[in-house]
Amino acid sequence: MSGDHSATSPISPGQLGASPSPGQRAVTPPGPSSPASPAGLTSEEARVRLAQHGPNAVAEEREHPLRTLLAKFWAPVPWMLEVAVVLELAMGEWVEALLFAALLVFNGVLGFAQERRAEGALALLRSRLQVRTQVRRDGSWQSVAAEALVPGDLVHLQMGDLVPADARLSDGDLDVDQSALTGESLAVHLAPGGLAYAGATVVRGQGSGEVTATGASTYFGKTAELVRSARSPSHLEQVILGIVRYLVGIDLLLVVALFAYALATGFPLAQLLPFSLILLIASVPVALPATFTLATALGALDLAGHGLLVTRLSAIEEAAAMDVLCTDKTGTITENRLSLSALRPRPPHDETTLLRYAALASDEAGSDPLDLAILDAARERGVVPGERLRFVPFEPATKRAEAYLADPAGARRVAKGAPDWVARLVAAPGPGWDSDVAALEGTGARVLGVVAGPESGPLEAVGVLALDDTVRPDSAALVARLRQLGVRVIMVTGDALTTGRAVAARVGIGERACLADRLRSGAPASADDCDLFAEVLPEDKFHLVRGLQRAGHVVGMTGDGVNDAPALRQAEVGVAVSSATDVAKAAASVVLTSPGLADVVVGVETSRRIYQRMLTYTLNKIIKTFQIALFLSVGLLVTGQFVTTPRLVVLLLFANDFVTMSIATDNVPFSPRPDRWPVRGLVVSAMLLAVPLLAVSFGVYWAGLAWFRLGPDQLHTLVFVWLVFSGQATVYLVRERRRFWRSTPSPLLAVSSAADILLVSALALLGWLMAPIGAAEVLAMLVLALLYLVGTDALKVRVLRHEGLA
């Protein structure tokens, strides 16, 4: 809602600063209607200085890749594998020791490679989230990347900016927040001559200053960073890790039972210990961190291709559960391309006087669309605003901007802003003021009031003007699409109630309008009885988000100004719109690069696809854990011997992890409704689907003895081949919540599966690392796995539907 003067407004780049209330500070921004400013540098001077001083950036300290790789071998799961290697070596089992070591290296290198790939993806995102700043080059104001600043540049700072380099203020008046640099919670006031440090946040006022130091030479030696973390823990990952801890607990109970059995029967403990370690390792999702990082990083790159930049990877998963989106009107629902549509002067003033006063109270140095539209209209009509003595930028708390100008009769004061607020500055606006405002607001236009008078005397109404902001042609369709996806859209606007209701009704959001006073009164903020909130202050957004969260909603919130930062941080999915200030982008978890809601729709669909991939991974992991742990443990207790060997279990982990990683790229449909993580439903579904798998596994063991009449070593091979093939079947069973043939797997998943089956078949037929079995036995296991897939599919659909996972 950049520059919503018509009632209340979040902060925009061009209309920020102090209010004309007691204690305010007026500033004189550079521009045609201001006193002359220094010319700044020329492009050639800037080029020479850039070569001399280097870019305005600090080389990021990176951990040496070798150190990162070695860290992969220092954690609980690697420790268990390392202990297993030592035990096998102590018993003289060199092949098993090498396999354990190979699994250790495989998991470490795989995790390292995927994290490096994710870091590369985030580096690309960082390059697209550059801080930009206004700098005067070649006598004109330009927007350049902060990295291109050099000492001697003249920069313009305003509320909502991150200070891009150390700069000494030459004009204007600023309050800056340096808490991120010094830990000091109070804002620091800067007058001309004061030094603003790189990385500070401008929280009030605006002004210009000369850059004194850049890059590593700045006082604190760092610049602002928008992408704060490569990967933060998500609710999804924490839930999965909780489930895994539960599964490991079950395995520990099974291990205790096995040791009790060994003590009672005299079973060799030296053989049981490595087997127990492998049993525990099989239950741990070794590939989990790499799988999550890869899935979300690939999702972030996909979203970047659609113009949606992610600053926190966890937000991708949070967006899957989002069921309420609170969105700005300006630039999101509307095009934010304003044009003057009506002038309603109050006698004795005429349209020219009204437009001249409105232009004087507008800031050409900024980028606020309201001010720029007024100034464009003045130029088109040949209206010359004249020179102002000083200027007070727009302040959300008072909902107006002010200008002071010279006049033969004495200095005059002009105020422009929300009609009902500027009307309070005059004794009486006169008949027709309220009716003009209501009529213009009823069309959905942005309405501003202008009052003027002697600097120290009473003000009088000059008139009202309307600016037309066309509704985006795709807004209605996108709102309807979000509703189909189960996301309720609430419009949040600083406009008056009448204007907001007209726009909300036009795009299908609804007509049930609530005033922002309701949020301040402590009444519960519910998505059920308000389609839009009007006359909203930036701080009201925070209360709205928190109220919706208390009601159990997962909330998305769009914003553009520095005062929107608390709401953007509070929301599970904070969305900085394309015109947002650097501070808003730093606070948000998602940054839009184009106006409108199209990118938000893409973000919801992509996040739900990622959720479905992770759901596949989790279901598969739980099912396989139940199968392997119970089959191996119960098999030993019932038969008195291993149903397969530790060596083959290690090979099984290789085969499983190889395919599991490719789930992160699977071709899956997105969920039609917001996703929630039903822990009970997952565990129950996995247990029910593991029962037939476990029964078939014991059937395979019995068939190997009775039908194929295999010896112990060949029986171990048969069981190994079955566990690999059934693992493949389980992946394809759970990857689709409907019948398994409803969608095709990704090429990488299909190729991984084919390679896995061919490799395992070759090992079993040739007798490498295991006793050889015949082609008939291998083919029988493959056919049985396919029969299991087909025969269990109907049960899967019913189970997942019953547990709310379909």
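In this predicted model, Ala-401 of the protein chain stands opposite Lys-416, a residue of strand 13.

**Strands 11 to 13**

Strand 12, which covers residues 400-405, pairs with strand 13 (residues 412-417) in the antiparallel sense over 6 bridges, and the hairpin made by strand 12 and strand 13 has 6 residues between the strands, with Gly-410 taking a positive phi near 125 degrees. Strand 12 also pairs with strand 11 (residues 388-395), again in the antiparallel sense, and here there are 5 bridges. Within that pairing, Val-392 has Glu-402 of strand 12 as its bridge partner. Strand 11 and strand 12 likewise form a hairpin, with 4 residues between them, and Lys-399 in the turn has a positive phi of about 60 degrees.

| Strands | Bridges, antiparallel sense |
|---|---|
| Strand 11 (residues 388-395) and strand 12 | 5 bridges |
| Strand 12 and strand 13 (residues 412-417) | 6 bridges |

How many of the residues of strand 12 are buried? The strand is mostly covered, with 6 of its 6 residues buried. In a regular strand the side chains alternate between the two faces of the sheet. In strand 12, Arg-400, Glu-402 and Tyr-404 point one way, while Ala-401, Ala-403 and Leu-405 point the other way, and all are buried.

**Rings and charges**

A like arrangement involves Trp-421, whose ring has the charged end of Arg-424 over it, 4.1 Å from the ring centre.

The structure also holds 7 aromatic pairs. In the pair made by Tyr-261 and Phe-267, the ring centres are 6.5 Å apart and the planes lie at 45 degrees, so the pair is tilted; planes would have to be under 30 degrees apart to count as stacked and over 60 to count as edge-to-face. Through ring pairs, Tyr-261 and Phe-267 are linked with Phe-275 and Phe-642 into a cluster. Is Phe-267 buried or exposed? Its relative accessibility is 14%, and Phe-267 therefore counts as buried, the cut-off being under 20%.

**Nonpolar cores and a covered helix**

In soluble globular proteins, nonpolar side chains tend to be buried together. The largest nonpolar core here has 87 residues, and those with the most contacts inside it are Phe-631, Leu-632, Phe-720, Val-721, Trp-722 and Phe-725. Helix 23, spanning residues 712-734, gives the most to this core, with 14 residues. Leaving aside its neighbours within four places in sequence, Phe-725 is in contact with Ile-757, Val-760, Ser-761, Val-778, Met-781, Leu-782 and Ala-785.

Helix 9 (residues 314-321) is mostly covered, since 8 of its 8 residues are buried. Among the buried residues of helix 9 are Ser-314, Glu-317 and Glu-318, as well as Ala-315 and Ile-316.

**The chain as a whole**

The protein chain contains 25 helices and 21 strands, and 58% of its 806 residues count as buried. Among contacts with a separation of 6 or more, 73% are accounted for by residues 24 or more positions apart. The chain exposes about 30600 Å², of which carbon and sulfur atoms supply 60%.

Terms used: Residues are numbered from 1 along each chain as its sequence is written. This is a predicted model: local features need pLDDT of at least 70, side-chain atom pairs count only at pLDDT 80 or more; totals for chains, interfaces and linings use all residues. Side-chain values use heavy atoms; hydrogens and water are left out. Buried means under 20% relative accessible area, exposed over 50%, partly exposed in between (1.4 Å probe, protein chains only). Helices (H or I, at least four residues) and strands (E, at least two) are DSSP runs, numbered from the N terminus. A nonpolar core is a set of buried Ala, Val, Leu, Ile, Met, Phe, Trp, Tyr and Cys residues joined through side-chain atoms within 4.5 Å. Contact means heavy atoms within 4.5 Å. Rings of Phe, Tyr and Trp (its six-membered ring) pair if their centres lie within 6.5 Å; planes under 30 degrees apart count as stacked, over 60 as edge-to-face and the rest as tilted. A charge sits over a ring if NZ of Lys or CZ of Arg is within 6 Å of the ring centre and within 35 degrees of the ring normal. Two strands pair if DSSP finds at least two bridges between them. Accessible areas come from the Shrake-Rupley method with a 1.4 Å probe; for residues, only the protein chains shown count as cover.
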